[in-house]
Amino acid sequence: MSFWEGLWRGRSTDFDSGSAATNAIELTKRNQTISLTKQGAATGNLRINLSWRMRTSDIGGSQRDSLLRHPFKAFKPDVVQAHTQSMVNVDLDLGCMYELADGTKGVVQPLGGFLGELNGAPYVKLSGDDRFGSGSGETIFVNLDHREQIKRLLVFVYIYDQTPAFDRTHAIVTLFPSNGPRIEIGLDERHSQARSCAVVMIENIKNELVVRREVKFVYGFQAELDRLYGWGLQWGRGYKTKADR
């Protein structure tokens with residue numbers, strides 16, 4: 001194996017997750033659930049983060065061929081390459097539908113400015129709206145000290161007002177519990193026309209907080225996810241303000 005093949009393969013594993021070395025648990029089709037209660041993480045603030053970047057294989061044609069022609073491009077950061085190829089118009093947003101124990105239902109999301117509340121109902125708070133897939137990404141906080149008031153939370157990702165591009169992004173949703181390893185869910189399935197994806201469900205089942213991988217892509221927006229999971233909310237067309245954009 002040549003040096004350049006080794007370098008190529010090494011760079012392609014930058015987003016591998018779930019190994020013991022990274023102290024992370026990856027939820028997959030085979031291993032879909034984990035109990036926050038059983039790992040002693042059902043208290044404090046649960047941090048849920050969305051981050052993404054463009055797939056290098058979809059930027060400027062074949063990167064393997066490009067490396068052979070221009071080997072020193074291997075030492076140029078991928079993020080810079082992505083930003084110089086006019087690929088930063090993909091805007092993934094993180095959202096969360098909630099249902100509380102008293103029957104209250106709603107959504108926390110950037111669109112419409114539904115940012116939620118951490119220390120009061122719904123005990124879910126969105127912090128920031130990342131337009132470019134930066135290192136910090138978008139984050140939702142859930143106050144699990146009020147877990148008795150939470151029945152279920154559906155964490156989802158959608159593409160705001162842009163061409164569908166789930167199949168061209170390295171998107172990952174990571175849960176950071178108050179105790180134990182982080183939990184990772186990769187959105188690595190190829191659904192080129194999908195605009196939304198139900199990523200993970202957090203449910204209070206007989207006083208046990210269970211996290212379940214969903215990763216179900218739909219071709220519509222939040223209303224279609226709502227119908228899929230029977231939330232029963234009323235949806236209308238929303239827009240981000242210029243400041244949000």
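The secondary structure of the chain comes to four helices and 13 strands, where helices (H or I, at least four residues) and strands (E, at least two) are DSSP runs numbered from the N terminus. This is a predicted model, in which local features need pLDDT of at least 70 and side-chain atom pairs count only at pLDDT 80 or more, while totals for chains, interfaces and linings use all residues. Residues are numbered from 1 along each chain as its sequence is written, and side-chain values use heavy atoms, with hydrogens and water left out.

The pLDDT, which is the predictor's confidence in each residue on a scale from 0 to 100, has a mean of 76 over the chain, and 66% of the residues reach 70 or more. Over residues 1-21 the pLDDT is below 50, and this stretch has 23 contacts in the model beyond near neighbours in sequence, a contact being heavy atoms within 4.5 Å. Residues 58-68 also have a pLDDT that stays under 50, and for them the model has 20 contacts beyond four places in sequence.

Of the 245 residues of the chain, 45% count as buried; buried means under 20% relative accessible area, exposed means over 50%, and partly exposed lies in between (1.4 Å probe, protein chains only). Among contacts between residues at least 6 apart in sequence, 70% join residues at least 24 apart.

What lies in the interior? The largest nonpolar core has 42 residues, of which Ile48, Val142, Val157, Phe166, Leu175 and Leu187 touch the most other members; such a core is a set of buried Ala, Val, Leu, Ile, Met, Phe, Trp, Tyr and Cys residues joined through side-chain atoms within 4.5 Å. Leaving aside residues up to four places away in sequence, Ile48 touches several residues, among them Leu94, Val142, Leu175 and Ile202. A second, separate core of 13 residues includes Val107, Leu111, Tyr158 and Tyr160.

Eight of its 10 residues are buried, so S12 is largely enclosed by the rest of the structure. With a disulfide taken as a pair of cysteine sulfur atoms within 2.5 Å, the count comes to zero disulfides.

S12 pairs in the antiparallel sense with strand S9 (residues 150-159) over seven bridges, two strands being paired if DSSP finds at least two bridges between them, and here Leu153 stands opposite Ile202. S12 also pairs in the antiparallel sense with strand S13 (residues 208-218), over nine bridges, and the bridge partner of Met201 in S13 is Arg212.

S12 and S13 form a hairpin with two residues between them.

Two other loops deserve a look. Pro122 is found between strand S6 (116-117) and strand S7 (124-127), and the peptide bond from Ala121 to Pro122 is cis, with omega near 10 degrees. Arg168, in the loop between S9 and strand S10 (169-176), is partly exposed, with a relative accessible area of 26%.
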